[in-house]
Amino acid sequence: MDSLTLIREFLDSRLGVPPGQVVPDAALAALGVDSLMMLELVFECEDRFGVTLDKNLKSPKTVGELVTLVDRLRDAQS
């Protein structure tokens with residue numbers, strides 16, 4: 001599974017956001033992702049992909065930024 005698919009499934013199941021709206025340019029806040037939901041999404045990515053996100057990283061603002069962050073970590077930690 002790729003990062004974008006995971007994010008789409010997560011937002012669909014938790015917030016009812018249609019997968020077609022979860023595109024790289026979409027602002028996470030506009031999709032209903034608040035700070036608590038961001039933590040849940042980060043934990044989901046960590047669990048599914050076996051990566052550890054640095055807690056001091058700047059929070060991504062868009063779906064694309066989150067995908068890039070997770071993909072870089074997957075590449076670096078694999």
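**Note on the pocket and helix packing**

1. Among the elements that line the largest pocket, α2 gives the most, contributing 5 residues; helices here are DSSP runs (H or I, at least four residues), numbered from the N terminus. The model is predicted, so local features need pLDDT of at least 70 and side-chain atom pairs count only at pLDDT 80 or more, while totals for chains, interfaces and linings use all residues. Residues are numbered from 1 along each chain as its sequence is written, and side-chain values use heavy atoms, with hydrogens and water left out.

2. The largest pocket holds about 360 Å³ of space, the volume being that filled by probe spheres set on grid points joined across faces, edges and corners. Its lining comprises 19 residues, of which Met 38, Leu 39, Val 42, Ser 59 and Pro 60 are the closest to its centre. Two or more lining residues come from each of α2 (35–49) and α3 (63–77). (A pocket is an open set of points on a 1 Å grid over the protein atoms alone where a 1.4 Å probe fits, with protein on both sides within 12 Å along at least five of seven lines; lining residues have an atom within 4 Å of a point.)

3. Sorted by class, the lining of the largest pocket has 12 nonpolar, 2 polar and 5 charged residues (Ala, Val, Leu, Ile, Met, Phe, Trp, Tyr, Cys and Pro are nonpolar, Asp, Glu, Lys and Arg charged, the others, Gly among them, polar).

4. Helix α1 (residues 3–15) packs against α3 at about 130°, with the axes 9 Å apart (lines fitted to C-alpha atoms over the stretch in contact, angles from 0 to 180 degrees between N-to-C directions).
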